[in-house]
Amino acid sequence: MAIYLTVAMRIMVTEITRVIGLVIELSTKLSIIKRTVYWSLFITALTGLSTLSSFSVLAAVTTPSYVASNSDSTQLTASSIQSSVSKTIVTTIQQTWQLNLLKEALRRSDSTYQVLQMSTQMNQKRKVEEALAGTVDVFWSMTSKELEQTVLPVRIPLFKGLLGNRLLIIRKSDEARFANVKTMADFKQLKAGQNRYWPDASILEANKIPLVTSYQYTNLYPMLEGGRFDYLALGAQEVGEELASHPDSALKIDSHILLQYRSPAYFFVSPKRPELAAAILAGLESMILDGSFDEMFNRELKIEQLYREAKFEQRVIIRLDTPDLSPLTPIERKELWLDLFSMQGTK
């Protein structure tokens with residue numbers, strides 16, 4: 001018995017050593033994103049499974065020509081290995097709501113999908129580049145016509161239009177100045193700050209709103225405090241958390257103005273993964289049909305509390321056009337949107 005155990009241990013050590021070598025060799029040829037995927041598979045095999053077959057699977061994934069030679073181990077076909085790999089989804093999404101929604105949509109369409117989050121911080125330009133290269137499978141973003149023509153949009157607005165209802169972060173010393181805004185002409189006397197990579201910048205420019213941009217989002221807060229511009233407009237669902245994460249005693253959330261424009265946010269999928277886009281869409285449509293999308297949305301984003309605190313109807317509404325909005329935007333599907341776009345606001 002001891003001899004058999006010794007032989008088995010030698011075989012396992014040999015198998016593990018060989019696979020480590022394969023992973024190291026292959027990972028040096030991969031981008032940082034795909035490298036993480038393969039090391040994640042290896043660690044799973046090492047810590048979560050104890051059979052030789054688990055390492056044979058990993059070897060087959062890293063070297064497609066590999067065929068397990070041990071007759072006692074599980075034999076996998078090339079198609080099953082490819083299917084296993086394709087079920088791994090690399091995403092840049094970190095936010096709780098968007099990530100939970102993605103996972104639930106995938107669970108409904110195919111529960112075998114495994115989502116791998118990347119911690120690497122990327123601006124939108126980089127996300128698109130990685131999606132085109134196939135190293136990022138899915139990310140989320142506010143849409144634009146150019147973005148929809150470059151990667152695959154899943155045209156279900158993740159925030160039901162809430163992202164296009166913007167509250168303003170302003171200097172406390174300017175509170176009275178903002179309270180005097182009554183018309184678009186009044187509003188255009190104020191200067192906006194915005195991330196250059198965000199589609200919002202193009203919307204503001206198209207509407208002739210005075211604008212200062214930065215390629216680094218975090219730079220906008222000290223720029224606002226320093227007087228480079230007058231306000232930073234963020235989605236109503238995110239403005240409180242964003243200000244809390246960039247605390248500045250000189251800044252506050254304006255209580256007077258609602259800046260509004262159609263700017264749905266979608267999941268965007270790599271053109272190399274059309275089957276993934278179809279799966280996400282199927283899952284989301286299933287959630288919309290049975291009401292679970294709204295239930296999850298209201299719960300996770302605390303919509304009742306947001307309406308109560310934001311007091312949307314008591315604000316002066318400044319509405320902007322979105323000239324770059326795709327004609328395929330599902331505006332006619334009322335179940336996909338909140339009722340904010342029909343509000344009159346205060347006069």
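How many nonpolar, polar and charged residues does the lining of the largest pocket have? In this predicted model, the lining of the largest pocket comprises 21 nonpolar, 18 polar and nine charged residues. The space within this pocket amounts to about 1,600 Å³, and its lining is formed by 48 residues, of which Gln-95, Gln-98, Trp-140, Glu-238 and Glu-242 lie nearest the centre of the pocket.

The lining can also be described by the elements that contribute to it. At least two residues each are supplied by H5, helix H6 (124-133), strand S3 (138-142), strand S5 (165-171), helix H10 (199-206), helix H12 (239-245) and helix H15 (303-310), and the largest share, five residues, comes from H12.

Helix packing was examined next. Two packed helices are described by the angle between their axes and the distance between the axes. The axes of helix H5 (residues 96-109) and helix H13 (residues 274-290) cross at roughly 95° and come within 7 Å, and because angles of 65 to 115 degrees count as roughly perpendicular, H5 is roughly perpendicular to H13. In this contact, residues of H5 including Leu-101, Leu-102 and Arg-108 meet residues of H13, among them Leu-276, Ile-280 and Asp-290. Sorted by class, the contact of H5 with H13 has nine nonpolar, three polar and three charged residues.

Helix H13 also packs against helix H14 (residues 292-300), at an angle of about 90° and with the two axes 5 Å apart, and H13 and H14 are therefore roughly perpendicular to each other. Here Leu-284, Met-287, Ile-288 and Asp-290 in H13 meet Ser-292, Phe-293 and Met-296 in H14, and the residues of this contact divide into five nonpolar, one polar and one charged.

Methods. Residues are numbered from 1 along each chain as its sequence is written. This is a predicted model: local features need pLDDT of at least 70, side-chain atom pairs count only at pLDDT 80 or more; totals for chains, interfaces and linings use all residues. Side-chain values use heavy atoms; hydrogens and water are left out. Axes are lines fitted to C-alpha atoms, for helices over the stretch in contact, and angles run from 0 to 180 degrees between N-to-C directions. Helices (H or I, at least four residues) and strands (E, at least two) are DSSP runs, numbered from the N terminus. Angles under 35 degrees count as roughly parallel, over 145 as roughly antiparallel, 65 to 115 as roughly perpendicular and the rest as oblique. Contact means heavy atoms within 4.5 Å. Ala, Val, Leu, Ile, Met, Phe, Trp, Tyr, Cys and Pro count as nonpolar, Asp, Glu, Lys and Arg as charged, and the others, Gly among them, as polar. On a 1 Å grid over the protein atoms alone, a cavity is a set of points where a 1.4 Å probe fits but cannot get out, and a pocket is an open set with protein on both sides within 12 Å along at least five of seven lines; lining residues have an atom within 4 Å of a point. Grid points are joined across faces, edges and corners, and a volume is the space filled by probe spheres set on the points.
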